[in-house]
Structure formats: C-alpha cells, structure tokens
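Here are a few notes to read alongside the model, for anyone opening it for the first time. Keep the 3D view open as you go through the points.

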Amino acid sequence: MIQGTNDVIKCPVCRGEIQIPTNGVDGFKTDFYSKSLVEYVKIQQSLKSDEIRKCYGCSKHLRVAAYCFKCNDFLCKDCHNFHVTNKMMEDHQKHTLSLEDIETKDITIEKLASMRDAPRCHIHLEEISKLYCETCSHLPVCMACSLGEHRGHNLHEVKASAKVKKEELANKLKALGEIEKDKILMKPREAKQNLLLNVSIEKEKVINVYDEKDQKIMTKIQDVEGRILQVKQEKQNKEKNIFDSLQREMENKILAIKENYEEKFNMKKTEIGGTFQERERSLENELTKLLEKRERFKRDKTELLEAIEKQLNENVHFIESVSEYLDNMNTKFENLNILGSSILASDNDWSAVQCIPDMCTVATNLMKDFKKDFPELKTLTDVTVNYKQYSFEKPSVTKISEHVQKKIIINDMYCYIFGMTSSGDGNFVISGVTSGGRTSFIIVSDINGRILKGKILKSAKYRPERYCKSLSKHKVASVCQPNEIGLYDVRDGSFIKKNMSDVINILPKDWRAICVATDPVNNHILVGGYNSRDVYVFDDQLNYLHILTLPEMIKCPRDMTVSDGHLLVCDYLGEKCYLTTMDELESKLVGELMIANLERNSLRPRSVCTDRNGFTYVLWKSYGPPQQCYLVQYNHDGIQVLATRKLDGRASVVIVVETSQGEKLLVATYDTQTVYLYDLITED
C-alpha cells in the first residue's frame, strides 16, 4: 500500500518520499520493466483460457493462439502459423509468444523483455526510439524529435547508457553483498543475551551480599539478646545470694534486729538495681539501633532489585528496537538484490536506464545504514549497581588532608559564587551571579577547572543570587532570587524553570529564596527563604507538594542538606547549626552541632554537607572584617568535633564530590573565583 500526503507519496520498496508531478500520474516516468510483468500476466491468462478475441491478422473472432509483440496484438492459430513460417514475417518471429512456448519453454522475465519491440517515439509512433530524454522523465524519442521538440534537452543513447548503468548497479549490489549482514544482525540478539545473563549474575551477587550481611546482623542480635538474658540472670542470682545471706543472718539473730535487717536488704536491692538497670538500658538501645538498621537494609535491598529490573526492561526494549530496525534494513536489501539482479540479467535497456539510477541511490543509503554501528549495545549489557555500605563493626573514619591539594581558578565572567554541588559524574556544578551583576549563571566544571558546559540565565532582578543542589545523577535543582525554581540537566545543558509565586498561593509577597536542599530518596526539592521558618517542598517535576515548618529556635536557614532521613540546617542569624526531623509537616529538633574552640566566638554557619561515611562538614564564618572562616568536621551524630581547618576568609560553600580517585572536599570562595580541593582519606 502506498502512503503519502497530497503532494508526496512514500515508495513501498525503498521508503523514500517522491514528489507527485503537477500533471498527476501522467507525469511519472514509465517503468517498462514493471509494465512488461503486467502485460505478460495478461497474455498468459488469455492464452491459457482459450479466450475468444479478434485476430489481428484475419480480423475474425477466434480462440487466441499466440501474441505478437511486434504487432502488439493477439493472433489466431492460422495467423500464428503464417507468422512463424512466412519469410515476410521473419522480423516478427522472435517477437511471437504462443501457449506452447509458455508451457514447454523456460520463459523468464528477461526472455520476455527481449521479445518486446523497442519503444516507439512518443510523438512519431512509426519511429523506433534509440534515444531517451532525461529532461522529460526518460521519454522515448526519435532523431527527428532531438532536433525538434526536444532540442536542447538532456538526450542519451539507450544502449550505451544502459551498459553504464548496469555496471553501476552490479557494483552496488556486489558492495552490499560483501557487507557482513549476518554479523551485524546478530549484534542486538547477542547484546540481549549478554544483558540477561549479566543481570542474572548481578542479581545473584546482590542476594548473596545482602544475605551475608543479614546473617551478620542476626548474629549480632542473637548475641545482644543473649547478653541481656545473661545480665538478667546475673541480677537474679546476685539478689538471691544476698537475700539468702541476709536470711541466714536474720535467723541467727534475735527478733530485736528485724527492722535493721530489712533496711539493709532494701538498700542493697536498690544499689544492685541501679547498676544493672544502666547496663540493660545500654544493651536495649544497641538492640533497637541494630533492628532499625536491619529494616533500612531490607528496604535498600528491595529498591536495588527493583532498579535492576527497571534497567533490564529499558535496555531490552532498546535492543529489540535496534533488532527490528536491522531486520527491516535486511528486508530492503533482499528486495533490492532480487530486483537489481533481475534487471542486470535482462536485455531490456530501457529498464536499466530508468530503474538503475534510483536503485543505486537506494543501495548507497543502505550501505550507510548497514555500516552504522551501535556501540551502546555493548554498554547496555553491563549492569552497574551502587551498594550502600553498612558497617556492623567499627565504623570507617574519614580524615581531611592536612593541606590544600589543588587550587581551581574559575573564569572571571562567573564573578560571585553562591552555590556549588556534585554533578554525579565526577565533575561539579557552580551557580551564582555574573560579573555584570544582572544575570545569573550555572556551569559544569571538572576537577581541573576546565568548564564543560555553561548557561547564562537572564533575570530582571538586580544581583539574582542563584543556588544549587544535586537531585540525581544528571539533574541539579536550582533556585534564584526572588522566587525562581528550576532543574538543570548536566548532560545537554537544558534548563526548565517555574516561578514559585505562580504555583503557591500562600507565598508571602516579599519572600525570597536563599537556599535549596534535595532529598534523593523521595526525589524532593526543599527551598528555604530569608527570615522564614517555612521550607517549601517540590517533587522532581517542579510540582508544589507542601510546607515543612522548622522548629521555633531557627531564625533564617542559610544552607540545608539531607542526611540519613534528617535535615541539617545552618541558621545564619541564630549562629547555630541544627539537626531536625523532616517526616512530618512540623519539623522537630533532634540535636545541635557544637562549635569548636576557635579564635573567634562570634561565628555563623554558612554551608553544610556530608560524605558517604556519614561525617558532617560545616563552614563557620565570622561577622565582619577581618573575615575569618573555619571548616569543622563532626562525627556521625554531630556531637564530637573531629577536625578543624582554617580557610580563606572569603570561603562561602563546601561540598563533597565523588571522583574516580575517591571523595574530594571542595571549598569555593564568594568573589575570588577560587575553589580549594582537599583529599578525603577513609580509614577502617
């Protein structure tokens, strides 16, 4: 079936689009090869059915016995005998086809084509055409027309042109035949098999890893439960021993000292109870933490297996689409090869000069398509899984390198840095205000300072401060004053945005964004505002969800980050760094990060981040000149200060970036376009 619009149709063989001539179907060039096929079928049906027709030789209505391509009409039996025996009709004999010829001879399309008389001039029908006019869609013309109506047109001699075009088609078919199509067509099938095998292996690894860790947790739980029973038993034995001892003492003394005995007994019991109660409470807390960790571990295992299954389905779908595409290309080649081989074997020069140019074009396009490689098929068979590292023994310790390992200088155009985050692929993203002060920017840089991508974002707001935080491997959430929220794709540099005031009816009129945090587990974006305890929560499609209200003691969140299901908040005006809940609309205070014994007491928390082992890093800055800045590292619960580094006084943002050489700590300055890099060394 031929499909197309009013002006264009699509060829069912090569799928190419063809412009319809202004004069309709009469404007298409005649396909003499296909026309021969149609005529042959009609002639064959007439001869085999003994059809009654008017004989061209005697003009009588008799059964059809033969067809003369020279006369271009049917003959009865007697006229056919005259045709094949009379010397006057000698030039007709090789152009005559009878029912006997069809049944006894091997009549091919090529032999049939040789029986046909050469086309006549489309104007002078009595003249045999030896030329064709390429200007007029391959029309047959005679010598008189070449000097008349077709004078100045692009004319070609049929026989010579057919020879050249046959050679061209033969070369194209030969080149197509030499391509290792079988090998190409097998690529997606092999890729799919490898993918399924690798997924099966990786699933087995995941199950084995988590089963082994589950067994370790169960061993710990059983050990703690056993020690709890042991403590209780020791307590009971101790009470019983003391009671028995005092009981014997009581029996040996007179009734006069009974009151004194009871007082001693109660004092001893209280003393013992206090000692063992503390041990019981400690072990019960340890048991609770282990049970909570086991539940998190089970959830992570389920999520990981679901992620593998999702990746499998996506990759299989893509491989199957590539396989279907290559099967379609192979079908096109087989059709072209059959048609081309038939034309090459034919003596019909008109079929050659008309069909071969188009077929060569199709062959050239097929060669390009067959040589197209699909390198992604190999990568699709690899299954990459990021396991969460759980430690059930002594936790890993992260140490900051003593000195700066590298100074990265950013282009002067990107003047003021307000935000920085990991891009998820070993690079990092910086956002802020350009040197002109009226536009904001967001760029991607590697750890050598080479800018990979950059986007200047126009804004009508003076000094449009822009902040950013990584949401997923390739997506970065960004907010810009006063109330813009957006998503930046580090792969292609695309950026989508919304005005928060357009989707939040309760947003205060003078409210302005001052920080952003992301919750990758729930795919949520959290936006904090200046002098506001309300944090606005969005999903990963920039749809507004709800408000998270911070505890009353927090005055102004200057930076936020999500860590292990809690929210770390830098209260710049309140000069505190807090840990709060975030699973309810009203956030509750969990703890406060202590300030180290530094040279200055009046320090404010400016930026906060965590590493993969759960350690926290806070940037503390002094009020005014001379500006001083300190980087403080805390343990998992934020109570203990592990390390302190004095930094450049202009430092404003701290982040942790995962690179191929491990985690790196990056500290960016506010207005000197400098990023300091520290190594993070993990010790077990």
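1. Is Asp564 buried or exposed? With a relative accessible area of 61%, Asp564 is exposed; the cut-offs are under 20% for buried, over 50% for exposed and partly exposed in between, using a 1.4 Å probe and protein chains only. You'll find Asp564 in the loop between β26 (557-563) and β27 (566-571). Asp564 also has a positive phi of about 50 degrees, although it is not a glycine.

2. Some ground rules. This is a predicted model, in which local features need pLDDT of at least 70 and side-chain atom pairs count only at pLDDT 80 or more, while totals for chains, interfaces and linings use all residues. Residues are numbered from 1 along each chain as its sequence is written, and side-chain values use heavy atoms, with hydrogens and water left out.

3. The overall picture. The chain has twelve helices and 36 strands; these are DSSP runs numbered from the N terminus, with helices being H or I of at least four residues and strands E of at least two. Of its 684 residues, 43% count as buried. Among contacts (heavy atoms within 4.5 Å) with a separation of 6 or more, 52% are between residues 24 or more positions apart. The accessible surface comes to about 37800 Å², and carbon and sulfur atoms own 49% of that; the areas come from the Shrake-Rupley method with a 1.4 Å probe, and for residues only the protein chains shown count as cover.

4. Most residues other than glycine have a negative phi, and most peptide bonds are trans. Ser59 has a positive phi of about 65 degrees without being a glycine. It sits in the loop between β4 (52-54) and β5 (61-63) and is partly exposed, at a relative accessible area of 44%. Then there's the peptide bond from Gln481 to Pro482, which is cis, with omega near 5 degrees. Pro482 is in the loop between β19 (475-480) and β20 (484-489).

5. While you're at β20, have a look at Tyr488, which is in that strand. Tyr488 counts as buried because its relative accessibility is 1%. Leaving out residues up to four places away in sequence, Tyr488 touches several others, including Ile442, Val444, His474 and Phe495.

6. Strand β15 (residues 428-433) is mostly covered, with six of its six residues buried. β15 pairs with β14 in the antiparallel sense over six bridges, where pairing takes at least two DSSP bridges between the strands. Thr421 has Val429 in β15 as its bridge partner. The β14–β15 hairpin has five residues between its strands, and Gly424 in the turn has a positive phi of about 90 degrees. β15 also pairs with β16 (residues 439-445), again antiparallel and over six bridges, and Gly432 stands opposite Phe441 in β16. That hairpin has five residues between its strands too, with Gly437 in the turn at a positive phi of about 85 degrees.

7. Aromatic pairs. There are eight of them; the rings are those of Phe, Tyr and Trp (its six-membered ring), and they pair if their centres lie within 6.5 Å, with planes under 30 degrees apart counted as stacked, over 60 as edge-to-face and the rest as tilted. Phe418 and Tyr467 have ring centres 5.8 Å apart and planes at 70 degrees, so the pair is edge-to-face. This pair links distant parts of the chain, with Phe418 in β14 and Tyr467 in β18, 49 residues apart. Both are buried. Ring pairs join Tyr416, Phe418, Tyr467 and Tyr670 into a cluster.

8. Charges over rings. Arg512 lies over the face of Tyr530, 4.4 Å from the ring centre, and Arg604 lies over that of Tyr572, at 4.9 Å. The test is NZ of Lys or CZ of Arg within 6 Å of the ring centre and within 35 degrees of the ring normal.

9. Cysteines. The structure holds zero disulfides, a disulfide being a pair of cysteine sulfur atoms within 2.5 Å. For Cys58, the nearest cysteine sulfur is that of Cys55, 3.7 Å away. Cys58 is partly exposed, at 28% relative accessible area, whereas Cys629 is buried, at 0%.
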